[in-house]
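I opened my notebook for a friendly look through one model, helix by helix. Here is what I set out to look up.

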Amino acid sequence: MNPPKASPLAIVAQEVGLSEITVEYSRPAVRGRVLFGNRPDGNPALVPYGRIWRVGANESTKITFDTDVSIAGQQLLKGIYALYAFPKEDEWQIVFHKNTTHWGDGRTAYNATEDALRIKVKPIETSTFQENFLISFDEISHNGLTMMWTWGGTKVAIPIEVDTSGLMEAQIQDKLANGPTAQTYYEIARYYQEQSIKQEESLKFVNKAIEMDGDTYYFQRVKSLILADMGNYKEAVKAAKISLKLASLQGKDEFVRLNEANIGNWKKLGFEK
């Protein structure tokens with residue numbers, strides 16, 4: 001027989017920048033129980049304070065990082081880890097554990113010397129009730145996110161950072177060394193512009209794209225933004241007008257509107273009469 005599990009399996013995968021984080025865990029329900037600390041009668045709750053918890057149910061919860069990360073300011077190498085927690089009323093210890101072979105929390109087999117990383121976080125009381133234990137990700141940017149554990153009226157937030165700029169720069173240098181095309185130069189210029197970095201280099205790269213492949217509405221659009229970032233609004237307006245004209249010819253209404261808005265804003269600043 002294969003009956004349904006009281007705590008069903010869940011897998012959550014989240015891209016962040018150029019990295020991916022995957023968590024595999026089981027989702028127990030509250031079912032009217034006291035979750036953390038002690039029950040009103042003084043007996044231990046489902047997860048007693050100070051004792052190891054598997055962060056879910058059934059097998060140990062597994063988290064996979066496909067690149068190196070930083071968690072609460074501490075470095076953690078890419079790989080697969082078991083997630084454990086030691087909850088207390090006003091502070092939780094969160095453990096990323098190298099031994100992923102234990103069933104559940106490992107109990108007497110758990111060995112703290114096999115921890116890869118241990119951090120401390122403050123539990124948060126929530127205004128909403130979460131019946132089934134939930135691991136989710138929020139506050140996602142190119143450079144990091146927050147992993148959330150929510151169950152009952154309690155939430156724990158774990159900040160995770162990734163080195164997207166370092167990974168991206170390695171890709172850029174590889175592309176530049178291996179037969180870059182006009183599209184390559186454009187994509188590098190656009191990335192630098194979006195990140196507000198390396199303005200001189202990004203202008204050089206978008207000009208190289210135009211030199212190799214001619215004017216396009218998106219080449220000139222990025223060029224106008226780079227020039228505006230550099231404070232050269234006069235040349236930015238010129239590039240935006242070229243982009244607008246090309247976008248109009250191709251029926252790219254969104255880019256027509258974007259260019260019109262930028263030209264209008266730059267003129268209001270008095271850089272073109």
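These entries cover the packing of some helices and then a cavity.

**Entry 1: the model.** I am working from a predicted model. I keep in mind that two packed helices are described by the angle between their axes and the distance between the axes.

**Entry 2: α3 against α4.** I began with helix α3, residues 199–213, which packs on α4 at an angle of about 155°. I noted their axes as 10 Å apart. Angles over 145 degrees count as roughly antiparallel, and α3 and α4 are therefore roughly antiparallel to each other. I looked up the hand as well: α3 passes α4 in a left-handed crossing. On the α3 side I listed Gln199, Ser202, Leu203, Val206, Asn207, Ala209, Ile210 and Asp213 as the residues making the contact. From α4, I found Phe219, Gln220, Val222, Lys223, Ile226, Leu227 and Asp229 facing them in that contact. Sorted by class, I have eight nonpolar, four polar and three charged residues in the contact of α3 with α4.

**Entry 3: α4 against α5.** Next I took helix α4 (residues 217–229) with helix α5 (residues 233–249). Which way do α4 and α5 run relative to each other? I read a crossing of roughly 160°, with the axes coming within 8 Å, so α4 and α5 are roughly antiparallel. I recorded this crossing of α4 and α5 as left-handed. The α4 residues I found in the contact are Tyr217, Gln220, Arg221, Lys223, Ser224, Leu227 and Ala228. Their partners on α5 include Tyr233, Ala236, Ala239, Ala240, Ile242 and Leu246. By class, I noted ten nonpolar, three polar and three charged residues for α4 with α5.

**Entry 4: α4 against α6.** I then turned to helix α6, residues 253–268, whose axis lies 12 Å from that of α4. The angle I noted for α4 and α6 is about 25°, which makes α4 roughly parallel to α6. I found a left-handed crossing for α4 and α6. In this contact, Tyr217, Arg221, Ser224, Leu225 and Ala228 of α4 meet Phe255, Leu258, Asn259, Asn262 and Trp266 of α6. My class tally for the contact of α4 with α6 reads six nonpolar, three polar and one charged.

**Entry 5: the cavity.** How many cavities of 30 Å³ or more does the structure hold? I found one, and I noted a volume of about 40 Å³ for the largest cavity. I went on to its lining, which consists of Phe36, Trp53, Trp92, Phe133, Trp149, Thr150, Trp151, Thr154, Lys155 and Val156. Strand β10 (residues 144–162) gives the largest share of that lining, six residues. By class, I wrote down seven nonpolar, two polar and one charged residues for the lining of the largest cavity.

Note on methods. Residues are numbered from 1 along each chain as its sequence is written. This is a predicted model: local features need pLDDT of at least 70, side-chain atom pairs count only at pLDDT 80 or more; totals for chains, interfaces and linings use all residues. Side-chain values use heavy atoms; hydrogens and water are left out. Axes are lines fitted to C-alpha atoms, for helices over the stretch in contact, and angles run from 0 to 180 degrees between N-to-C directions. Helices (H or I, at least four residues) and strands (E, at least two) are DSSP runs, numbered from the N terminus. Angles under 35 degrees count as roughly parallel, over 145 as roughly antiparallel, 65 to 115 as roughly perpendicular and the rest as oblique. A crossing is left-handed if the near helix is turned anticlockwise from the far one by less than a right angle, and right-handed if clockwise. Contact means heavy atoms within 4.5 Å. Ala, Val, Leu, Ile, Met, Phe, Trp, Tyr, Cys and Pro count as nonpolar, Asp, Glu, Lys and Arg as charged, and the others, Gly among them, as polar. On a 1 Å grid over the protein atoms alone, a cavity is a set of points where a 1.4 Å probe fits but cannot get out, and a pocket is an open set with protein on both sides within 12 Å along at least five of seven lines; lining residues have an atom within 4 Å of a point. Grid points are joined across faces, edges and corners, and a volume is the space filled by probe spheres set on the points.
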